[in-house]
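Hello,

Below is the structure I said I would pass on. My notes on it follow.

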Amino acid sequence: MRQVSHLIEIEGLKKTYQSGDTKVDAIRQMDFFIDDEEFITIMGQSGSGKSTLLSIMGALNHPTQGKVFVDSLDLYSLSAEQRADFRSEYIGFIFQSFQLIPYLTVLENVKLPMAVTGQKKKVKNQMALEVIERVGLEAKAHRLPDQLSGGEQERVAIARALVNKPPIILADEPTGNLDSKTANEIMLLLQSLNKEGHTIIVVTHNTDMASYATRTVQVQDGECFS
Amino acid sequence: MKLHNISFGNIRRRKGKMLFLVLGLVIGISTVVTLLSITESMTKNIEERLNQFGANIVMVPKTQNLSLNYGGIDVGGVNYKVREIDQNSLQSIHTIKNSKNLSIIAPKILGPVKVNGHNVLLMGVIFEQELALKTWWHKTMGSFPKTPDQVVLGSRVASFLKVAVGETIHLFETPFTVATVLKPTGGSEDDAIISELAAAQKLLGKQGKLSMVEISAFCQGCPISEMTLQIAEKFPDAKVTAMKQAVMSKMQSIDMFKSFSLGVSILVILIGSLLVLVTMMGSVNERTREIGIFRAIGFRRGHVMQIILLEAMLLGIIGGILGFCIGNGIAYGIIPVVMKDGAFAGINVNLGIVSIVMAVALSLLASLYPAFKASNMDPSEALRAL
């Protein structure tokens, strides 16, 4: 394990996708860091490589070249199962279009990341209800996702990302499917979570969202500019 | 929240697909259960019929007598030495290894008696055993003997001696009442007078001796040949013969049907497994996004496999129970149609347990590859579909 001074450090990152004989460089060259308790927005146009960057930071996507350190852990020197454990402990994901499990209730969706942790049922319930209350959905805990509005579904997705109390929350276009009023509410919620100590990294192409962040990283043609 | 909640939830959500999968298992299991139930009923039915055939092991004293009998025509034999079986030693038959398979033991004494100046065959039997063995003995009128001074006449003897039921005949001067006359059987008993064993032994001066013993020992899996050897070992002075041709030919037919059933069962089970495999593969492909989410939020490969295999196990249990019930139902309905006088052998609990275990094993085996594929799904690839 190498001691690094930042929460996340990215060194010489490169990611190339190959489809048949065609190679596409999603990330050409990236070196940057993110400190603990920062609220970062990663901005860029579609196809700029920002979502690929997010998935690499989330231990989901093996880079072609370079290293990613999170809390001094060299992510891609870990085995696939160790990376799964890392995601469970360190990362809360908020996906584009919410990505809730349609046959599970709000409470069950929120408890999903805890299905593979060892806590007791009572503790799990309490933790899930706490975060559901935190996002203001306690009255709808037993509803199915399709019985909720877009904003409410986004809140469930945030609650699910928060439930294991991960230090890092990665959000991919969290406001992409919401009207501007609801989008602002969601960003305020993320801002308040950041103030509670979570490091928030949001990928978006909406420039208005940058105002909620403590720092913005611009991504263009697979390269980043702080 | 546990992994099984996800499995249950998915089954509830994809009812149609899961029903299709269960159907594959039900078809396989019910076919096996139906065929096995029919085979079991056939075996039971044939057992019962063979039991009605009478003895299948005959024990006679060893003699140096050459048989001069062909096609029922006896031209006499040269008796160098006649031996008889000791009645007291008969008890040792119950010490053979397969003694629990002995059903009826019917000892008898044979000898000629003078009646109205004619030589007639006297057969001394234990009526209780004999009537259990000779289910084709039917009386014309009266009843079978209840006391030692009563006899039964064969149909030809009765007409030859012109004796009717209730009349008295004298065997070596001893009076006996004719309790009943048998309807013609076409067998040796048509020409015989049948009395209680002890009375016949006394009349013939052969107290404690037996001319022959007929043994009925048919039951499923009874090793008739082996039992014959076991009895012969106990009675070195007796010749023990298995009348197994009838049993063998019937059992061969059942064995052929069993082989056919096995072949059909394997084929149907293969088709059922294929159905499970295809349905599970479809289900996994449909759930790419969902599996991507599971992996992204920290599920290990093993957790994903557990979810899929848990579903397979649950559906296997449902398929096994349904298949067993339906299979028994079909067998119940079909046996009277395919078998004359056939009756459903009853519900076999062991077969029920085997059916459920088999359905679960089948479902798990067929789901192993889809589960493996799901668990090995690259989460980034799965999430690219988001």
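The model is predicted: local features need pLDDT of at least 70, side-chain atom pairs count only at pLDDT 80 or more, and totals for chains, interfaces and linings use all residues. Residues are numbered from 1 along each chain as its sequence is written, and chains are lettered from A and ligands numbered from 1 in the order in which they are written.

The scores are ipTM 0.88 and pTM 0.68. Within chain B, confidence is lowest in strand 3 (residues 73-74), at a mean of 54, and highest in strand 7 (residues 150-153), at 94. Where pLDDT is low, the predicted coordinates should not be read in detail.

Chain A contains 6 helices and 10 strands; these are DSSP runs numbered from the N terminus (helices H or I, at least four residues; strands E, at least two). Of its 226 residues, 47% count as buried, that is, 20 or more other C-beta atoms lie within 10 Å of the residue's own, with C-beta atoms placed from the backbone. In helix 1 (residues 50-57) of chain A, 8 of the 8 residues are buried, including Lys50(A) and Met57(A). Just after helix 1 of chain A, Ala59(A) takes a positive phi of about 65 degrees.

Helix 5 (residues 150-162) and helix 6 (residues 180-195) of chain A pack at an angle of about 15 degrees, with their axes 10 Å apart. Axes are lines fitted to C-alpha atoms, for helices over the stretch in contact, and angles run from 0 to 180 degrees between N-to-C directions. Helix 5 and helix 6 of chain A are therefore roughly parallel (an angle under 35 degrees; over 145 is roughly antiparallel, 65 to 115 roughly perpendicular and the rest oblique). Residues that meet there include Ile158(A) and Leu162(A) in helix 5 of chain A and Leu189(A) and Leu193(A) in helix 6 of chain A. That contact divides into 5 nonpolar, 3 polar and 2 charged residues.

In chain B, helix 1 (residues 3-13) and helix 9 (residues 301-338) pack at about 50 degrees, with their axes 9 Å apart, which makes helix 1 of chain B oblique to helix 9 of chain B. Helix 9 of chain B also packs with helix 10 (residues 349-375) of chain B, at an angle of about 150 degrees and with axes 7 Å apart. That makes helix 9 of chain B roughly antiparallel to helix 10 of chain B. Their contact has 20 nonpolar, 9 polar and 1 charged residues.

Regards

How values were computed
Buried ≥ 20, exposed ≤ 12 C-beta atoms within 10 Å, placed from the backbone. pLDDT = per-residue confidence, 0-100. Nonpolar A, V, L, I, M, F, W, Y, C, P; charged D, E, K, R; others polar. Contact = placed C-beta atoms within 7 Å.
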